[in-house]
Amino acid sequence: MAPRRRTDPVLGAAAVAAWTADPDGVDAATVATAVRFTLEELTARHPGRAVEVRVPPYGATQCLDGPAHTRGTPPNVVEAEAPTWLGLVTGTARWAEEAASGRVRCSGGRSDLSAVLPLVGS
């Protein structure tokens, strides 16, 4: 079953484009729309429940095929702040560098998303 979209794809893509053009000049609503849209896009392209991706306070999603968790803290978690996440999905930031710096916090053997990012322009 395809994941349900809550963010209009046209509005989501416009928010990502606005953030890409001027990351420091967009308002919080635009950042929220861009993050939520890209989390939904990640799940649409890579469905599953093996990895939980969190971008607080904007949203979280589960993606990638594999063993799913049903209760408690998931074994495979990726967490990042919105600017870092949007940099990764647009290709302006690189997974290895962001993970090494601690701006992306990962746990679990399946939490490396470098094979599926960036989403935009890929």
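Here is a short tour with a few stops, one selection at a time.

Before you click, know that this is a predicted model, in which local features need pLDDT of at least 70, side-chain atom pairs count only at pLDDT 80 or more, and totals for chains, interfaces and linings use all residues. Residues are numbered from 1 along each chain as its sequence is written, and side-chain values use heavy atoms, with hydrogens and water left out.

**Stop one: helix H2**

Select residues 28–45, which make up helix H2. Helices here are DSSP runs of H or I with at least four residues, strands are runs of E with at least two, and both are numbered from the N terminus. (The expected span is 1.5 Å times one less than the number of residues.)

Now color the buried residues of H2, among them Val31, Val35, Phe37 and Leu42. Buried means under 20% relative accessible area, exposed over 50%, and partly exposed in between, using a 1.4 Å probe and protein chains only. What covers them? Show helix H1 (9–21), strand S1 (51–55), S2 and helix H3 (82–90), which are included in that cover.

**Stop two: Asn76**

Next, pick Asn76, in the loop between strand S2 (59–63) and strand S3 (77–80). Asn76 counts as buried because its relative accessibility is 8%. Follow its side chain to the backbone oxygen of Ala50, at 3.2 Å. Then look for the backbone nitrogen of Arg110, 3.0 Å from a polar atom of the Asn76 side chain. Leaving aside residues up to four places away in sequence, Asn76 also touches others, including Val51, Glu52 and Ser107; contact means heavy atoms within 4.5 Å.

**Stop three: the salt bridges**

How many salt bridges does the structure hold? There are six, each being a side-chain nitrogen of Lys or Arg within 4 Å of a carboxyl oxygen of Asp or Glu.

Start with Arg54 and Glu52, whose side chains meet at 2.7 Å, N to O. Glu52 is buried at 13%, while Arg54 is partly exposed at 25%.

Move on to Glu81 and Arg105, with their closest N and O atoms 3.5 Å apart. This pair links distant parts of the chain: Glu81 sits in the loop between S3 and H3, and Arg105 in strand S4 (residues 104–107), 24 residues apart.

Finally, select Glu98 and Arg103, which meet at 2.7 Å, N to O. To finish, highlight Glu52, Arg54, Glu79, Glu81 and Arg105 together: salt bridges that share partners join them into one network.

Conventions
A polar contact is a pair of N or O atoms within 3.5 Å; within protein, one must be able to donate a hydrogen and the other to accept it, and residues adjacent in sequence count only if both atoms are side-chain atoms.
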